[in-house]
Amino acid sequence: MAEMATKARAFQDFLDAKEIKAFVSETIENDPEQTTVFRSRVEVDGQDLPLLVLLDRSIFSMIRVQISPKCKTEENELAVLKLANDLNLKYKPFKLYFDGEGSLILDICMITPDEKAEEIGDMVYGMFNVMITFLNENYRTMMKTIW
């Protein structure tokens, strides 16, 4: 079994202490950064969206939400990219983009040095609150643009 990075272990300890069972974790074998992927879902407007928390040895941590899988088409690409760009400019912590499979992704990158590892749970959950508010305010607009 692969060894968890300091932040990943601290986040797992936070989840255990708070008895949060919403995540399944997997530490990537033979990864020099000791990446652990915590998988869950977030409900937005009646939809369960896949959510990842990616923690490793780097100074960065990532929260990733798949807004809509494989949704990019020739017809909607320009409108969705324009909306994503407008939202990226307006909301500092978020980056919206199409991944290689044409899925609309929301990324949140946080600076999380190891010396602050004991704060990782509160930091991630604080950002979840910001993210959920953002998604609740913008999800329908994103879906209308995609459709």
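Biologist: Why is Tyr125 called partly exposed?

Modeller: In this predicted model, Tyr125 has 25% relative accessibility, and since buried means under 20% relative accessible area, exposed over 50% and partly exposed in between (1.4 Å probe, protein chains only), Tyr125 counts as partly exposed. Residues are numbered from 1 along each chain as its sequence is written, and side-chain values use heavy atoms, with hydrogens and water left out. Local features need pLDDT of at least 70 and side-chain atom pairs count only at pLDDT 80 or more, whereas totals for chains, interfaces and linings use all residues.

Biologist: What makes Phe14 buried or exposed?

Modeller: Phe14 has 14% relative accessibility, and therefore counts as buried.

Biologist: Why is the pair of Phe14 and Tyr125 called tilted?

Modeller: Rings of Phe, Tyr and Trp (its six-membered ring) pair if their centres lie within 6.5 Å, and planes under 30 degrees apart count as stacked, over 60 as edge-to-face and the rest as tilted. The ring centres of Phe14 and Tyr125 are 5.6 Å apart and their planes stand at 45 degrees, so this pair is tilted. Phe14 lies in helix α1 and Tyr125 in helix α3, 111 residues apart, and the pair thus links distant parts of the chain.

Biologist: What makes Tyr91 and Phe94 a tilted pair?

Modeller: Their ring centres are 6.3 Å apart and their planes are at 45 degrees, so the pair is tilted. Tyr91 is buried, with a relative accessible area of 18%, and Phe94, at 2% relative accessibility, counts as buried too.

Biologist: How do you know how many disulfides there are?

Modeller: A disulfide is a pair of cysteine sulfur atoms within 2.5 Å, and by this rule the count comes to zero. As for two of the cysteines, Cys71 is buried with a relative accessible area of 8%, while Cys109, at 44% relative accessibility, counts as partly exposed.

Biologist: How do you know on which side of α2 the buried residues lie?

Modeller: Val80, Leu83, Ala84, Leu87 and Asn88 are buried in α2. They cover an arc of only 135 degrees around the axis, taken from the directions from the helix axis to the C-beta atoms, which puts them on the same side of α2. On the other side, Leu78, Lys82, Leu89 and Lys90 are exposed.

Biologist: What covers the buried residues of α2?

Modeller: With contact meaning heavy atoms within 4.5 Å, the cover includes β5 (94-98), β6 (104-111) and α3 (120-146).

Terms used: Helix = DSSP H or I, 4+ residues; strand = E, 2+ residues; numbered from the N terminus.
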